[in-house]
Amino acid sequence: MRRTHVHKLLSCLAVVILLAGCSAQLTPHHFALGHQDQGTYTLFNGAKGPYKIFARDEGKGTPILFIHGFAANTYTWRHLVSDFSRDHRAIAVDLKGFGESDKPADGKYSIFDQADLISQFIKKKNLKNLTVVGHSLGGAIALATAIQLKQSQKKSPIKRLVLIDSLAYPQTLPFYMKALRTPGLSQLGVSVIPAEVQARTALKFAYLEDDRIPEQSVKEYARPLRDAAGRKALIETARQIISPGIVEAIDRFKNLDIPTKLIWCRHDRIVPLINGFRLENDLPDASMQIIEDCGHNPHEEKPAETIMAMRMFLSE
């Protein structure tokens with residue numbers, strides 16, 4: 001018992017030392033969209049022909065796969081990849097229809113379609129002993145991927161999950177999501193409203209305080225909205241975000257015995273904390289870490305605290 005206690009103390013000390021050395025590393029590096037030279041493309045076969053998925057793959061060691069949320073891209077993980085790539089293989093992927101990935105007009109943009117894609121990506125990259133990190137919509141995709149791989153393989157390559165303010169249950173959607181799901185209004189809105197206004201509006205919902213929103217983030221999240229294919233993919237994803245199979249997936253949560261860390265902002269207005277407590281109760285091996293003074297994006301608003309929570313979890 002005493003030896004275990006000492007081991008935990010040493011683990012905590014190691015995390016603190018790592019974070020003390022990473023404060024300067026929290027500045028984004030080469031994560032602006034358009035820097036394809038800093039990533040790689042993987043080819044997939046789709047209903048309307050092949051398409052490419054973009055990913056940033058940095059560092060060496062045990063792999064961590066980062067899955068972004070709705071209307072985001074690999075840029076959202078700039079702080080975490082900068083830190084974890086020092087002692088892990090950190091892979092941030094652009095989901096189909098987002099960021100630098102292709103945006104095929106195949107209508108397959110549901111949570112389960114994206115989970116199929118991520119499962120294929122994991123197999124193509126031969127990732128083992130994998131930690132999957134998902135934020136918001138990306139958290140729902142991470143859950144669906146974990147369920148798929150547990151059912152389809154004797155030994156799942158996913159060893160841990162980190163779910164950050166994750167979608168998991170049917171819920172009330174924010175007004176901009178409702179607008180994107182409304183025929184006619186969605187096409188008009190994304191075409192007429194300037195991309196920067198759309199991006200800033202979404203970020204105001206995601207951040208607790210407006211003055212914390214970096215101008216660079218507005219530019220990075222606005223850029224894909226200037227592309228017609230990107231706008232169509234955004235609308236299609238919004239329309240399919242409540243997938244028909246979600247109730248069956250929720251029933252399978254109780255069998256997903258993968259160690260899971262839930263990281264939630266106390267003041268999340270998009271996916272409320274009560275959903276996080278429900279998920280903690282439904283998953284058999286989950287624990288919750290609440291981060292104070294932030295909205296929906298702790299990895300952007302509070303990156304040091306998010307990194308601390310993740311490193312403590314990975315050291316267990």
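**Chat about a predicted chain**

Modeller: Of the 316 residues in the protein chain, 54% count as buried, meaning under 20% relative accessible area, with over 50% called exposed and anything in between partly exposed (1.4 Å probe, protein chains only). Keep in mind this is a predicted model: local features need pLDDT of at least 70, side-chain atom pairs count only at pLDDT 80 or more, and totals for chains, interfaces and linings use all residues. Residues are numbered from 1 along each chain as its sequence is written, and side-chain values use heavy atoms, with hydrogens and water left out.

Biologist: What's the mean pLDDT of the chain?

Modeller: The mean is 87, and 87% of the residues reach 70 or more; pLDDT is the predictor's confidence in each residue, from 0 to 100. Over residues 1-29, though, the pLDDT is below 50, and beyond near neighbours in sequence that stretch has 26 contacts in the model (contact means heavy atoms within 4.5 Å).

Biologist: Ok. How many helices and strands?

Modeller: There are 13 helices and 8 strands. They're DSSP runs numbered from the N terminus: H or I with at least four residues for helices, E with at least two for strands.

Biologist: Which strands does β3 pair with?

Modeller: One is β4 (residues 89-93), parallel over 5 bridges, where Leu65 has Ile91 as its bridge partner. The chain gets from β3 to β4 through helix α2 (residues 78-84), in a right-handed β-α-β crossover: with the strands pointing away from the viewer, the path from the first strand over the helix to the second runs clockwise. Another is β5 (residues 130-135), also parallel, with 4 bridges; there, Phe66 is partnered with Val133. Pairing takes at least two DSSP bridges between two strands.

Biologist: New topic. How many disulfides?

Modeller: The count is 1, using cysteine sulfur atoms within 2.5 Å as the rule. Cys265 is joined to Cys294, S to S 2.1 Å, and the link is left-handed with -110° about the S-S bond.

Biologist: Where do the two cysteines sit?

Modeller: Cys265 is in strand β7 (residues 260-265) and Cys294 in the loop between β8 (286-291) and α12, 29 residues apart.

Biologist: And why do they count as buried?

Modeller: Cys265 does because its relative accessibility is 0%, and Cys294 because its relative accessible area is 0%.
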